[in-house]
Amino acid sequence: MASSTPQRHRRTLAESKSLGVPSARGRFLRLDDMIASTGLSESTIRRRVRDGEMPKPTALTTRCVGWWESDYAEWASAHRAPRSTE
């Protein structure tokens, strides 16, 4: 006997984008977003990615890469300088 519980449909990234809602992993940040978010230059970001000091971008197409916003947020929180309590 089949279960009467309906299967929950998981939205694809394209469906989420067309509906204007965030996907489960957030959104992709392009290089300009990374520059604005970090305050680092393009060459510094590329060097830190190459040296393993920043998360690697994901290939979106053959000529386009981006970072998952969740990956950037995790990296940023781990590398945030502690605030003084004075």
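**Notebook: salt bridges in the predicted model**

I first looked at helix α3 (residues 42-50), where Arg 46 and Glu 42 both sit, 4 residues apart, or about one turn of the helix; helices here are DSSP runs of H or I with at least four residues, strands are runs of E with at least two, and both are numbered from the N terminus. I note that this is a predicted model, in which local features need pLDDT of at least 70 and side-chain atom pairs count only at pLDDT 80 or more, while totals for chains, interfaces and linings use all residues. Residues are numbered from 1 along each chain as its sequence is written, and side-chain values use heavy atoms, with hydrogens and water left out.

I then checked the contact itself: Arg 46 and Glu 42 form a salt bridge, with 3.0 Å between the closest N and O atoms (a side-chain nitrogen of Lys or Arg within 4 Å of a carboxyl oxygen of Asp or Glu). Arg 46 is partly exposed at 48% relative accessibility, and Glu 42 is partly exposed at 37% (buried is under 20% relative accessible area, exposed over 50%, partly exposed in between, with a 1.4 Å probe and protein chains only).

I searched the whole structure and found 4 salt bridges. One of them joins Glu 69 to Arg 27, the closest N and O atoms being 3.5 Å apart. This pair links distant parts of the chain, 42 residues apart, with Glu 69 in helix α4 (residues 69-79) and Arg 27 in the loop between α1 (13-19) and β1 (28-29). Glu 69 is partly exposed at 31%, and Arg 27 is partly exposed at 45%.

I also looked up Asp 51, which forms a salt bridge with Arg 50 at 3.4 Å between the closest N and O atoms. Asp 51 is partly exposed at 44%, whereas Arg 50 is exposed at 63%.
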